[in-house]
Amino acid sequence: MRATLLYAADDVRVEDVADPKIQNPTDAVVRIVLSCICGSDLWPFTSLPHTDTPRRMGHEFLGVVEETGSEVRGLAPGDVVVAPFMWADNTCAYCRDGLQTSCVHGGRWGVNGVDGGQGQIARVPYADGTLVKLPVGEDSELLPDLLTLSDIMCTGYHAARTAGVERGDSVTVVGDGAVGLAAVIAARLQGAEQIILMGRHTPRTVLGRDFGATDVVAERGEEGIARVRELTGGEGTRKVLECVGLTDALVQSLGVVRDGGTISRVGAPQYSDVAFGFGDFMRNITLTGGVAPARAYIGELMPHILDGSIRPGRVFDRTLGLEDIADGYRAMNDREALKVLIRP
């Protein structure tokens, strides 16, 4: 089969690799119908040193079950399924607590002999625990929306959930990428009354308004902080959803949060030290967030997609074939595309 490999920064290739096969009785083999490029894929795309053992890329996909192992009970060939961005058995103590990203038997796509999501086929470990069956056919127009349940919609929802967004809340979303826009959707689902989107890419912020943002702040730094406080009577917002992962975004979040408020950071952090000093401590700010246990949220979010109340698939603004995926990486890295959909 064909699959995406990263050899070094700016060196993405699609090459022949071995066809996946059932290795364990809990495995399934899935023919990938849709996948996509994630903003977090851009970090290694811009920084990976050259390697002779390339990385298998991709962690967001949905497809059709082709074959199952002898111990798989909940799936059958022909089922349309979505895969969370980490696989898990969904039975261990962490999984039972809704923290499948800490599964003692789970792991990440594309490493340790597990296929990546940007290819034609994938072997799925612990298929019963990992995959979620979709009540649609493989030609459904809802597939792009349902694909967002693999990562970004659940990550935006995790930001709103861990921040404790409630009906009537004021919320600032920092970042107008796909996760930030999903966080706008999630804040609206949770009943937020005021949703301020901090972003300066007009096509994205226009979409953010469609998703439920009540205000857009394009300014950054002190100017951006002042603008948010102006919109909130000088206080700042009760909840801040940080969807970027850079130090500047966290500093911005600290500047716009109300005293006693909560910041949830779900952007993959590209820093090791958290800029949280004594002054922030004195303001009784709560800092939370983390990696989203997508498997725990798919069942909650899917009905909103199926009934048409949310359409997160609108974040996909470019569609490419698998062989052209390198162009998709460059388009996203150069801000020419928000999120690229891949049809193998």
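A: Searching the whole of this predicted model turns up five aromatic pairs; rings of Phe, Tyr and Trp (its six-membered ring) pair if their centres lie within 6.5 Å, and the planes count as stacked under 30 degrees apart, edge-to-face over 60 and tilted for the rest. One of the pairs is Phe45 with Tyr329, which is tilted, at 5.2 Å centre to centre and 40 degrees between the planes. Phe45 belongs to helix H1 (residues 42-47) and Tyr329 to helix H12 (residues 325-333), so this pair ties together parts that are 284 residues apart in sequence. Helices (H or I, at least four residues) and strands (E, at least two) are DSSP runs, numbered from the N terminus. Phe45 is buried, with a relative accessible area of 3%, and Tyr329 counts as buried at 0%. Buried means under 20% relative accessible area, exposed means over 50%, and partly exposed is in between, using a 1.4 Å probe and protein chains only.

Another of the pairs joins Phe61 and Trp109, and it is edge-to-face: 5.1 Å centre to centre, with 75 degrees between the planes. This pair, too, links distant parts of the chain: Phe61 is in strand S5 (residues 61-68), while Trp109 is in the loop between strand S8 (107-108) and strand S9 (121-124), 48 residues apart. Phe61 is buried, at 1% relative accessibility, and so is Trp109, at 5%.

Now for how to read all this. Local features need a pLDDT of at least 70, side-chain atom pairs count only at pLDDT 80 or more, and totals for chains, interfaces and linings use all residues. Residues are numbered from 1 along each chain as its sequence is written, and side-chain values use heavy atoms, with hydrogens and water left out.

There's one more ring to stop at. The charged end of Arg13 sits over the ring of Tyr7, 3.7 Å from its centre; that label applies if NZ of Lys or CZ of Arg is within 6 Å of the ring centre and within 35 degrees of the ring normal.

Next, the helices. H11 (residues 294-306) has 13 residues and reaches 18 Å from first C-alpha to last, close to the 18 Å expected at 1.5 Å a residue; the expected span is 1.5 Å times one less than the number of residues. H11 bends by about 40 degrees at Glu300, and Pro303, a proline, follows within four residues. That bend is the angle between axes fitted to the seven residues ending there and the seven starting there. Among the buried residues of H11 are Ala294, Tyr297, Leu301 and Ile305. The buried residues of H11 pack against elements including strand S6 (80-83), helix H5 (152-163) and helix H6 (178-189), where contact means heavy atoms within 4.5 Å. After H11 comes Gly308, with a positive phi near 80 degrees.

H6 itself has 12 residues and reaches 17 Å from its first C-alpha to its last, close to the 16 Å expected at 1.5 Å a residue. Of those 12 residues, 10 are buried, so H6 is largely enclosed by the rest of the structure. Its buried residues include Ala178, Leu181, Val184 and Ile185, and they pack against, among others, H5, strand S11 (170-174) and helix H7 (202-211). Just after H6, Gly191 takes a positive phi of about 95 degrees.

Positive phi also turns up away from glycine. Asn90 has a phi near 65 degrees and lies in the loop between strand S7 (86-87) and helix H2 (93-96); at 25% relative accessibility, Asn90 counts as partly exposed. Asn284 has a positive phi of about 55 degrees, sits in the loop between helix H10 (278-282) and strand S16 (286-289), and is exposed, with a relative accessible area of 57%.

Leaving aside neighbours within four places in sequence, Gly255 is in contact with Ile225 and Arg229.
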